[in-house]
Amino acid sequence: MELFWHRRDLRVDDNVGLAAATDRDAVAPVFVLDPDVLAHASDVRVRRLLDGLEALRDAYRDRGSDLLVARGDPAAVLPAVADGLDADRVVWNRDYSGLARERDAAVRRALADAGIAREAHHDRVLHDPDSIRTNAGDPYSVYSYYRKKWRDRGKDAPASTPEETDLVGEGELAAGATGVLEANDASVAVGDFPSLADLGFAEPDAAVGPAGTEAARERLEGFLVEDVFAYEDDRDHPAREGTSRLSAFLKYGEIGIREVYAATEEAMAAAADRPEDDAEGSVEEFRAQLAWGEFYTQVLFHNPSVVTENYKAYEEGIDWRDDPEEIAAWKRGETGYPIVDAGMRQLREEAYMHNRVRMIVASFLTKDLLADWRHGYDHFRERLADHDTANDNGGWQWAASTGTDAQPYFRIFNPMTQGERYDPDAEYIARYVPELRGVASEIVHGWHECSPTQRANAAPEYPDPIVDHSARREEALAMYKRARGEDPDE
């Protein structure tokens with residue numbers, strides 16, 4: 001018997017490590033609720049995790065097996081479970097954050113001390129984060145160069161799916177779990193999950209969305225019917241719902257990245273029959289978003305400190321304003337800048353935010369409010385169901401001009417122009433900012449220029465702008481120039 005340790009791969013299909021384990025012997029699957037990981041979690045993400053685990057458990061039950069659910073330090077739990085089940089080997093798929101690598105090193109040592117074999121596989125991304133380097137052998141810090149090599153590398157086909165006979169039966173799992181409890185005093189159950197309250201979390205107000213492989217496939221298939229062929233044009237317009245919405249499924253590994261890429265190959269073949277739409281360009285643009293995720297994964301892999309530190313150092317350091325009242329208004333979605341407020345309210349309601357709007361609200365926090373990007377990263381980590389350390393950190397540092405291949409400090413998003421360009425009819429804004437429903441789009445996008453009387457007549461409950469964009473833009477330029485050791489008056 002082999003023990004497969006699920007982590008960010010809550011699926012049975014296209015799972016490299018699971019497929020490798022089932023090629024050798026019957027497999028018992030386990031998930032460990034690690035207190036060190038939960039210490040960095042949030043109500044939203046633990047709710048979404050438990051939903052994904054339930055879907056994974058059901059997938060195993062459909063195959064005559066079940067999912068072992070353990071609580072505790074994996075370095076203590078996994079050797080105990082392997083011993084209790086008399087498993088010959090523990091297998092898992094690699095994760096690439098600093099915390100994950102420290103955890104895995106501790107598990108390897110514990111298994112070695114217990115005399116239990118172990119094996120780790122590359123699964124979560126198409127290309128191992130150490131496999132694509134510059135011609136000089138260095139990790140990439142410029143996305144466009146990374147993407148060229150990423151695009152030209154061959155992609156593995158989806159991993160094989162285990163059959164029912166490849167898995168340990170439910171009865172044997174139950175007997176083994178009882179043995180673990182009796183012999184090792186470990187917290188292990190078959191298919192039973194603790195509640196949010198048991199884990200120290202509360203039920204979130206936001207709707208976290210569906211979970212599991214079937215929901216992921218339904219979403220992917222629906223996207224590939226039509227939306228993918230207009231992706232290049234539609235993806236930046238939040239009212240059009242032209243994105244894949246796969247981010248949470250990929251974050252929890254509920255659908256394999258090889259399966260997604262294989263589906264884009266089918267879409268590319270179909271796009272050849274639609275040259276008038278530039279459908280091939282749209283499919284390629286969607287693939288580029290997959291490449292962005294892998295680019296940021298390799299940045300985090302080689303620079304784990306970016307979670308808390310600027311990737312790009314400024315000679316004098318950045319003197320962030322960090323006004324607590326302004327940051328609080330940003331979090332509430334009450335800045336008086338409609339596209340910003342719509343994004344922040346979507347985040348609160350849905351545990352999700354459209355990608356273009358993520359860039360707008362991040363630019364507003366760092367360049368209009370002059371607030372440290374870490375305030376925004378922490379808020380996103382708390383609120384997003386699809387929070388991914390590499391992607392979110394990369395996005396926030398890009399917006400703050402502190403990251404790899406970042407937005408130059410002198411390019412500052414104008415929130416009014418962004419709203420008018422990407423939500424011209426204010427449909428997205430009206431969806432999330434009820435105070436502005438029924439207000440003409442020209443007034444919505446010109447809110448900063450309206451007189452107090454015009455605002456009172458149009459939307460008396462919607463706030464005035466909390467800052468003047470033009471003035472703050474000049475302050476931001478001066479702040480960054482000082483950080484660069486330059487005279488802000490030149």
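Author: Let's begin in helix α22 (residues 469–483), where Glu 475 and Arg 472 sit 3 residues apart, about one turn of the helix. Keep in mind that this is a predicted model.

Reader: OK, and what do Glu 475 and Arg 472 form with each other?
Author: A salt bridge, with the closest N and O atoms 3.7 Å apart.

Reader: Is Arg 472 buried or exposed?
Author: Arg 472 counts as buried because its relative accessibility is 6%, and the cut-off for buried is under 20%.

Reader: Which residue does Arg 381 pair with?
Author: Asp 378: their side chains meet in a salt bridge at 3.5 Å, N to O. Arg 381 and Asp 378 are both in helix α16 (residues 373–383) and 3 residues apart, so about one helical turn separates them.

Reader: How accessible are those two?
Author: Arg 381 is partly exposed at 25% relative accessibility, and Asp 378 is partly exposed at 37%.

Reader: What about Arg 374, which residue does it bridge to?
Author: Arg 374 makes a salt bridge with Asp 372, and the closest N and O atoms are 2.9 Å apart. Asp 372 is buried, with a relative accessible area of 11%, while Arg 374 is partly exposed at 24%.

Reader: How many salt bridges does the count come to?
Author: The count comes to 43 salt bridges.

Reader: Which residues are linked in a network of salt bridges?
Author: One such network links Asp 13, Arg 63, Glu 214, Arg 217 and Glu 259.

Reader: Switching topic: which residues gather in a patch of negative charge?
Author: Asp 25, Asp 83, Asp 86 and Asp 88 do, on the surface.

Reader: Where does Asp 86 sit?
Author: Asp 86 is in the loop between α4 (74–85) and β4 (89–93). Asp 86 counts as exposed because its relative accessibility is 60%, and exposed means over 50%.

Reader: Last one. What is Ser 441 in contact with, leaving aside its neighbours within four places in sequence?
Author: Pro 424, Asp 425 and Ala 426. Ser 441 itself is found in helix α20 (residues 441–445).

Reader: How far apart are Ser 441 and Asp 425?
Author: In sequence, Ser 441 and Asp 425 are 16 residues apart; in space the C-alpha to C-alpha distance is 5.5 Å.

Methods:
Residues are numbered from 1 along each chain as its sequence is written. This is a predicted model: local features need pLDDT of at least 70, side-chain atom pairs count only at pLDDT 80 or more; totals for chains, interfaces and linings use all residues. Side-chain values use heavy atoms; hydrogens and water are left out. Patches are made of residues with over 30% relative accessible area and no salt bridge: like charges are joined within 9 Å, nonpolar side chains (Val, Leu, Ile, Met, Phe, Trp, Tyr) within 5 Å. Accessible areas come from the Shrake-Rupley method with a 1.4 Å probe; for residues, only the protein chains shown count as cover. A salt bridge is a side-chain nitrogen of Lys or Arg within 4 Å of a carboxyl oxygen of Asp or Glu. Lys and Arg count as positive and Asp and Glu as negative; His and the chain ends are not counted. The place of a charge is taken as NZ of Lys, CZ of Arg, CG of Asp or CD of Glu. Helices (H or I, at least four residues) and strands (E, at least two) are DSSP runs, numbered from the N terminus. Buried means under 20% relative accessible area, exposed over 50%, partly exposed in between (1.4 Å probe, protein chains only). Contact means heavy atoms within 4.5 Å.
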